[in-house]
Amino acid sequence: MDLKDKKVLVVGLGKSGLAAYELLRQIGADVSLYDGNPDVEIGEIDAPLYRGTFPEQEFAVLDCAVFSPGVPLDIPLAAFLRENGVPVIGEIELAYQMEQGRVIGITGTNGKTTTTTLVGEIMKAYQEHTFVVGNIGNPYTLEAAKTSPDSVTVAEISSFQLETIRDFAPDVSAVLNITPDHLNRHGTMENYINTKMSITKNQGRDQLCVLNYEDEVLRERAAALPCRVAFFSSRRKPQPVEVQSKKADWQPVEAQPKQADRQMVEAQPTQAQEVPPCMDLYKAANGDIVCAGTGRVLLNQKETRLPGDHNAENIMAALIIAQEMGVPEELAVQTVREFHPVEHRVEFVKTVSGVDYYNDSKGTNPDAAIKGIQSMDRPTVLIGGGYDKGGSFSDWIQSFDGKVKKLLLIGETKHRIAKEAEECGFTSYELMETLEEAVAAAHELAEEGDAVLLSPACASWDMFKSYEQRGDRFKELVRGL
């Protein structure tokens, strides 16, 4: 996609949109900017800027539009562009068009940030020119022009970003898990699943997708993927999956692998191929991470700072990816041993009067919050609630398993969560007006030997700009106790 001297519109002027603007300027595109917020402020920009109502006469003659991930594709502007034959892509696709090196793409409902960060650390230990980008907070478009034939890009990719890919074809992809999330945007679970699985749609038969064997959806979809598959499992030894003879309905008719000539080729399902004997990994009952093909132990999870089955899955996904990228096993394993947990993901904050406080602000959906509470090994005062993305909280409540001595609820979902808690037979909850009030109440309720955990099971947007801001505020309050 040659955008030099082409008329390109950037839609959405947050961090991602402004990074896309900078890359387009480097390319030499004729860029204009649009944001539906009439009051948006972005500083000095040397390009036409439109706010609020979009001017149809200007936008009907574009060569391309780049949508930021936070901008839904069902808004009137998107429909107008499609009606006028204007291609719509996103930040990931734009950056990928400039990519010169190898690419690792990691998605899934939960675990993306930890796995991406861990893979990034492993690759940096092996390959000097490594870029960690995407939904992790560093826009891909900021780094794409710096890539080279010997570089590696590790990208955390959300479902919002996958909605607008066209040619994107990572050398290695990973789908860590799929549980209900963002249904207010994707509409149905089937749409959400298809969007997540589209990370593989342009991969070829020589490329790899890493999947969670314990996720039934991923096990079912594995046989129809156009690439090789490797599994990890936190409970058992993965079994081979038979390859289907035809493409699954959700697969696109055509795909565009990353090749110099970008020739269109039909995406075919992979034929049965021999997977290296150490490719699939599983966690044994004693915590050993084991090669499914040989029975050889790579390390024990207790050697790491990453507890819980969810982190075992993150570790295994990272080690499989590293193996596929040619990283020496000893180097990859040692990097895992030395790795420190990601901020805002079951992050230890402070011990106050014998009570340990943990920040799991990144637990922005019920499944992620389940993993948070499963990481606790003592009576816990839990702070939850926030922005309502749709979906049920009952599985989260049922996962408390006697560990939650009090649930303190905040945000716009607090009444709905309280209602579902009552329906599940859990009545030890209180409604709070603010995070500050919740932390103070937790401090009063928790006794020596207990834990206090912020793990909201909801997004932050009703009270905070981001889960990071929410987590930072929680840590600030705890450190002030």
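**Note on the packing of the predicted model**

1. Both Phe400 and Phe426 are buried, where buried means under 20% relative accessible area, exposed over 50% and partly exposed in between (1.4 Å probe, protein chains only). The structure is a predicted model, in which local features need pLDDT of at least 70 and side-chain atom pairs count only at pLDDT 80 or more, while totals for chains, interfaces and linings use all residues. Residues are numbered from 1 along each chain as its sequence is written, and side-chain values use heavy atoms, with hydrogens and water left out.

2. Aromatic pairs come to a count of 12; rings of Phe, Tyr and Trp (its six-membered ring) pair if their centres lie within 6.5 Å, and planes under 30 degrees apart count as stacked, over 60 as edge-to-face and the rest as tilted. In Phe348 and Tyr358, the ring centres are 5.7 Å apart and the planes stand at 65 degrees, so this pair is edge-to-face. The pair links distant parts of the chain, with Phe348 in strand S17 (residues 347–352) and Tyr358 in strand S18 (residues 355–359), 10 residues apart. Helices (H or I, at least four residues) and strands (E, at least two) are DSSP runs, numbered from the N terminus. Phe348 is partly exposed at 44% relative accessibility, whereas Tyr358 is buried at 14%.

3. The rings of Phe400 and Phe426 also form an edge-to-face pair, with centres 5.2 Å apart and planes at 80 degrees. Phe400 lies in the loop between helix H14 (394–398) and strand S20 (404–409), and Phe426 in the loop between helix H15 (414–423) and strand S21 (429–431), 26 residues apart. Elsewhere, ring pairs link Tyr34, Tyr50, Phe54, Phe59 and Phe80 into a cluster.

4. Helix H3 (residues 76–83) has Leu77, Ala78, Phe80 and Leu81 as its buried residues. These cover an arc of only 160 degrees around the axis, which puts them on the same side of H3; the arc is that of the directions from the helix axis to the C-beta atoms. Pro76 and Glu83 are exposed on the other side of H3. The cover over the buried residues of H3 includes strand S1 (7–11), S2, helix H2 (56–59), strand S4 (64–67) and strand S5 (88–90), where contact means heavy atoms within 4.5 Å.

5. Ser32 sits in strand S2 (residues 30–35) and is buried, with a relative accessible area of 9%. Leaving aside residues up to four places away in sequence, Ser32 touches Val8, Leu9, Val10, Pro48, Tyr50 and Leu62. The C-alpha atoms of Ser32 and Tyr50 are separated by 8.0 Å, although the two are 18 residues apart along the chain.

6. Thr115 belongs to helix H5 (residues 112–126) and is buried at 0% relative accessibility. The side chain of Thr115 makes a polar contact (3.1 Å) with the side chain of Asn314; such a contact is a pair of N or O atoms within 3.5 Å, and within protein one must be able to donate a hydrogen and the other to accept it, with residues adjacent in sequence counting only if both atoms are side-chain atoms. The cover over the buried residues of H5 includes strand S6 (102–107), helix H9 (189–197) and helix H11 (309–324).
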